Amino acid sequence: IMAATYPPPPDLYALYADPDPQIQDGSQSKEIILPPEPPPVIEGEYMMFGQVHTTETSLPPLPPTTPHTYDDKTPGANLKTELKKLNGQLLVQFIDMLHE
């Protein structure tokens with residue numbers, strides 16, 4: 001028994017193919033059928049799989065923290081230790097995000 005791995009494409013796939021090369025030469029005058037227009041963009045709320053979704057994206061508010069800046073002009077500042085501290089803070093915040 002021979003069976004195809006995937007079903008054949010729908011008949012509309014031919015609309016998205018390159019036009020016939022003979023038409024480009026001008027040897028045949030054949031009407032070119034354009035593919036259908038894409039559906040309109042959904043704005044606002046919509047229902048999918050029984051749940052209401054929205055197209056509006058917003059970032060969650062950041063927790064109140066004081067920004068940590070590095071100033072290399074301060075006496076005794078060591079870039080290596082500052083980067084290690086920042087890396088540690090980043091890892092702690094990442095692990096906190098995973099636990100939420």
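**Close-up views of a predicted model**

The protein has 2 helices and 2 strands; these are DSSP runs, with helices being H or I over at least four residues and strands being E over at least two, numbered from the N terminus. This is a predicted model, where local features need pLDDT of at least 70 and side-chain atom pairs count only at pLDDT 80 or more, while totals for chains, interfaces and linings use all residues. Residues are numbered from 1 along each chain as its sequence is written, and side-chain values use heavy atoms, with hydrogens and water left out.

**View 1. Strands β1 and β2 form a hairpin with 2 residues between them.** Residues 45-48 (β1) and residues 51-54 (β2) pair in the antiparallel sense over 4 bridges; two strands pair if DSSP finds at least two bridges between them.

**View 2. Phe 49 sits in the loop between β1 and β2.** Its phi is positive, about 55°, although Phe 49 is not a glycine. For context, most residues other than glycine have a negative phi. Phe 49 counts as exposed, at 79% relative accessibility.

**View 3. Glu 82 and Lys 85 form a salt bridge.** Their closest N and O atoms are 3.5 Å apart, and the rule asks for a side-chain nitrogen of Lys or Arg within 4 Å of a carboxyl oxygen of Asp or Glu. By this rule the count comes to 1 salt bridge. Both residues lie in helix α2, 3 residues apart, which is about one turn of the helix. Glu 82 counts as buried at 15% relative accessibility, whereas Lys 85 is partly exposed at 46%.

**View 4. Phe 94, Ile 95, Met 97 and Leu 98 make a nonpolar surface patch of about 430 Å².** Patches are built from residues with over 30% relative accessible area and no salt bridge, joining like charges within 9 Å and nonpolar side chains (Val, Leu, Ile, Met, Phe, Trp, Tyr) within 5 Å. One of the four, Ile 95, belongs to helix α2 (residues 79-99). Ile 95 is partly exposed, with a relative accessible area of 42%.

Notes
Areas by Shrake-Rupley, 256 points an atom, 1.4 Å probe, with all protein chains shown as cover. Buried < 20%, exposed > 50% of the residue type's maximum accessible area, 1.4 Å probe, protein only.
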